[in-house]
Amino acid sequence: MATAISARQLAVTFAGRGKRAAVPALQPLDLDVPRGRIVGVLGPNGSGKTTLLRVLAGLQAPTGGTATVLDLPPTARALRRLVAFQPEGPLPLDVLSAPEFLAYVGAELDLPNAESDARAARWLERLDLRHAGRRRVRTFSTGMQRRLALAAALLGEPEVLLLDEPTAGLDPFGSAVVMQILRERAAAGGTVLMASHHLLEVEEICDEVLVLQGGKLRARGPLATLLGTEARSLVVRGLDATAMDRLAATARELGGEVLAVEPQRRHLFALFRQLADGTRPEAER
Amino acid sequence: MTRHPLPMVAAAGCMALAWVAAPPQPAVGQELAAAFVRPAMLPFVWSSLEEAGRTGDDAEYFARARQLLELMPAWTDGHTVFAFRLALAPAPADATDPGGDAWQRLQVALAWLEGARATAGTREADLLLTMAFLPEVAVLQQPALGERLRASGGPAALADHYLAAAEQLRGSPAVREARTFLAPKLAAGLLAAGDRRQAMAVLDTAIERSFDVRDRALAGEWRQRLLEVRRWLDGDRAVDLAAVQADERFAALWAHLR
Amino acid sequence: MIGRAWRRPLALCCRACLAAAWLPTLAAAGLAVLLQAMLAVPLPGLADAPGARTPWLHLPLLVAAAACAARAAAFWPLVAARRQGADLVARLQRGPLRGCGAAVAGALLAQFVLTLPLATVFARWLGAPARAVVVVELPSPPRPLLAAGQPPLTFALGGRRLREVHLRPLAGPPTGAFEPATVEVRCDGERIGTATLAESRQHVRIAAPPRPVQTLELTHAGGTVPLLFGPGSVTAVEAAERSAAWNGTTAAVVWLLPSFVALAVALLCGAHAALPTALTAAFGLLFVQTVGGAGPADAAVRALLRGHWVGATVPFSAWLPSLAAGSLAMIVAMLLRRRPGR
């Protein structure tokens, strides 16, 4: 499989000034991300996640090693449209409305006006921002700003998406939509490198993860490999109480440990959706 | 959350009550505005004044000076300097009536200083003293102005008017003596205007006041001269005017003692 | 559909500046009217002097310039360092200044739109004459002293049609008993007037004949006061009148220069400093260049209100120091921002 992102001994050290010592933000790391994969970058605050993304977006010069994106150096002009970067935090140019903001992004990506507007309309619809109309971006909630940032990143239909906390501040529906979009991008051959603190989401959609700590790469690999063990568990649903007791007894006889036999519960997401939009719980449908 | 209207209504009511109880005074507003503008503007108003003196015309220069003094209304020396400059400015080259022009400027300068009295505070008397000397200096600069002032008693009459006001404000010996020593010029002005009776009254007052002059020898000499002039004006041609005729301080009267 | 140009940083910044600055500018004009009424109490008998009303025109002009500069610096996230969302814009922008140049141009365009009515309509309300005259400062001769026994001073006019000649020499100590100097003024040999000068900077106007004049000659005709006709002491007022609207437009253009310098220096500071530092530098420079008179803006406003043709009083050569300073700051800012941060 072709490589979308590659790094060899990539390192970033922020120079010290005066009595302040230099800060190694990213210690030499090797990295290969094949095309069509969703890779999560995990790590506590200050572990180097954002620095890694900024280097790959061409916004931060590495102090050691090399990096390529789509076989080009990250600062290559050709990557401006092929690679999209969604930084964390509030959006700039926040006195514009969402359509104006996307029109600006489209113009800078050299999209023809009509095509830019059509794509913008499509993504605004998909990301549930149509209702924002002519409101200024500064009046948007955090979640709306994140969704608009993603729309801006997707506007140029990039091959590589570098996302910094793409679901931070999003409600569960928004997160679900974003996850779905990322899956679709990956299915279409796109590559996603996303930094996140939402471990469940990462576990849900990422093919691989990198775990950084203090600028060092602590673990790397497919989720199945990193999370897998020799032991197996059995989760059973849909039996009546008698059948359940028999199954538990058999399990004990075979030397297994029965951890819990509990009544079946709805998923929290289903309950949330029921309360939020009045639809019936997923389990009841 | 709905906001209760009562606090807003109460605030509006209090404002209205305050407005009625103590209506806003324009002077207070003016002083407040000046206080805000002063620190930021003062250096630049100074440089603008200098620039107006270098490249602008007289009107602009004095308008700039007024701006400066609007920011520092209590600066009496500043008022005095600019009012004197205004009164003593040379007549325009194409002026057809230099005396009238000088008279006009003197009136404006005196009005300027009169306006400054309100903010002069404890220095009001000093301001009046400088006002007293301005007409005489202006006449020296533009002799044609003397002709214009003759009918009203000459510059000395104006000087006496302001000295009297200064004396009323601050009856210091110096002010009283200044009025006493002004008597010959004032009397000469009145004589020139044809008011012999008033001139003699001025001399009588000065003779009476000469007892208050602190320098006893000077007081005696001054009183003696004034008495001689007074007697001569009263028709006593036997009086010896040699000392008066030799005293420069009585020069204004010489023309009327022949 | 929004036109292509309207989607670019220049137009976006211009719109943002206009939206942010029109109300403060209007309020400043209102305040200027109020302050003029409260502080500039006229003294009856003193001649009207529109040239002294520059503070009341400076106020809204300065507010418009400052509001546009502030909005541009705050709007464009790459003007100063450490701004939220700057990375998003930085990836999209081309050019060494990453759109900052366009943002500055947008701010200047917005400022021009706001200051044009101030420099034309508001200036007229403040008393600027309806027509402007060209006032030319005649270059001082190599030996500028005029006294008894000295040769006449000659000034080349190159066929200008004049309305007036203004004299404003420096006076020296009298060479004998004090007697004001008498100066004869001649145009191409024809005597047009006599000036009596007694003190330094005494201002004398002499009416000139309405015909082309090649040379102006000043001859000492009497008096003991020596006169020094240094730079700026002889000015000629041309006969032709110019449009006050164009004069206001020129003044509004000149007023862009301080903003250009201020924003360029803000860009320079902002390469490493955060927004408050960049804004402080910009405001400080703006204030010194306008109200402080360091630059052509103050002279342009003065000339506008005096009814002098701004183009002659503040010729293009006077713009050059500001243009050079702003351009230099831009170039250095460009060099500092050339590569991604290390």
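Q: Which strands form the open sheet with the antiparallel pairing in chain C, and in what order?
A: Three strands form that open sheet, ordered E2-E9-E4 in chain C, and the pairing is antiparallel. At the edges are strand E2 (145–146) and strand E4 (170–171) of chain C, each of which pairs on one side only.

Q: Before we go on, what kind of model is this?
A: This is a predicted model, in which local features need pLDDT of at least 70 and side-chain atom pairs count only at pLDDT 80 or more, while totals for chains, interfaces and linings use all residues. Residues are numbered from 1 along each chain as its sequence is written, chains are lettered from A and ligands numbered from 1 in the order in which they are written, and side-chain values use heavy atoms, with hydrogens and water left out.

Q: And what counts as a strand or a helix, and when do two strands pair?
A: Both are DSSP runs numbered from the N terminus: helices (H or I) have at least four residues and strands (E) at least two. Two strands pair if DSSP finds at least two bridges between them.

Q: OK, how many bridges do E4(C) and E9(C) have?
A: Two bridges, with E4(C) and strand E9 (residues 227–228) of chain C pairing in the antiparallel sense. Across that pair, Ala171(C) stands opposite Leu227(C) of E9(C).

Q: What about E8(C), which strands is it joined to?
A: Strand E8 (residues 212–222) of chain C is joined by six bridges to strand E3 (residues 153–167) of chain C, and the two run antiparallel. Arg160(C) is found opposite Val213(C) of E8(C). E8(C) also pairs with strand E5 (residues 181–187) of chain C, again in the antiparallel sense, over six bridges. There, Glu184(C) stands opposite Thr219(C) in E8(C).

Q: Switching to chain A, what's the strand order in the open sheet there?
A: It is E2-E1-E4 in chain A, three strands with antiparallel pairing. Strand E2 (23–34) and strand E4 (64–69) of chain A are at the edges with a single partner strand each, so one side of each has no neighbour in the sheet. On average, neighbouring strands of this sheet are turned by 20 degrees against each other, direction ignored.

Q: How many bridges hold E1(A) and E2(A) together?
A: Eight bridges join strand E1 (residues 3–14) of chain A to E2(A), and they run antiparallel. As one example, Phe14(A) is opposite Val23(A) of E2(A).

Q: Which helix lies across E1, E2 and E4 of chain A?
A: That is helix H1 (residues 49–56) of chain A, running at about 120 degrees to E1(A). Angles run from 0 to 180 degrees between N-to-C directions, and axes are lines fitted to C-alpha atoms, for helices over the stretch in contact. Contact means heavy atoms within 4.5 Å.

Q: Now helices in chain C: at what angle do H4(C) and H6(C) cross?
A: Helix H4 (residues 100–125) and helix H6 (residues 256–270) of chain C cross at roughly 155 degrees, and their axes come within 10 Å. That makes H4(C) roughly antiparallel to H6(C) (under 35 degrees is roughly parallel, over 145 roughly antiparallel, 65 to 115 roughly perpendicular and the rest oblique).

Q: Which residues meet there?
A: From H4(C), Cys100(C), Val104(C), Ala107(C), Leu108(C), Gln111(C) and Phe112(C) meet Leu256(C), Ser259(C), Phe260(C), Leu263(C) and Leu267(C) of H6(C). By class, nine are nonpolar, two polar and none charged (Ala, Val, Leu, Ile, Met, Phe, Trp, Tyr, Cys and Pro count as nonpolar, Asp, Glu, Lys and Arg as charged, and the others, Gly among them, as polar).

Q: And H9(B) with H10(B), what's the angle there?
A: Helix H9 (residues 173–192) and helix H10 (residues 196–209) of chain B pack at about 160 degrees, with axes 9 Å apart. H9(B) is therefore roughly antiparallel to H10(B). Their contact has nine nonpolar, two polar and four charged residues.

Q: Last topic: which two chains share the most contacts?
A: Chains A and C, of the two pairs of chains in contact. Their contact takes 40 residues from chain A and 27 residues from chain C. About 3100 Å² is buried between chain A and chain C, 55% of it from carbon and sulfur atoms.

Q: How much area is buried between chain B and chain C?
A: About 2600 Å², with 61% given by carbon and sulfur atoms. On the chain B side, Phe44(B), Glu60(B) and Arg64(B) lose the most area to chain C, together 18% of what that side buries.

Q: And how far apart are the nearest C-alpha atoms of chain A and chain B?
A: They are 19 Å apart, and those two chains do not touch.

Methods. Buried area is the accessible area (1.4 Å probe) that two parts lose on being put together, summed over both.
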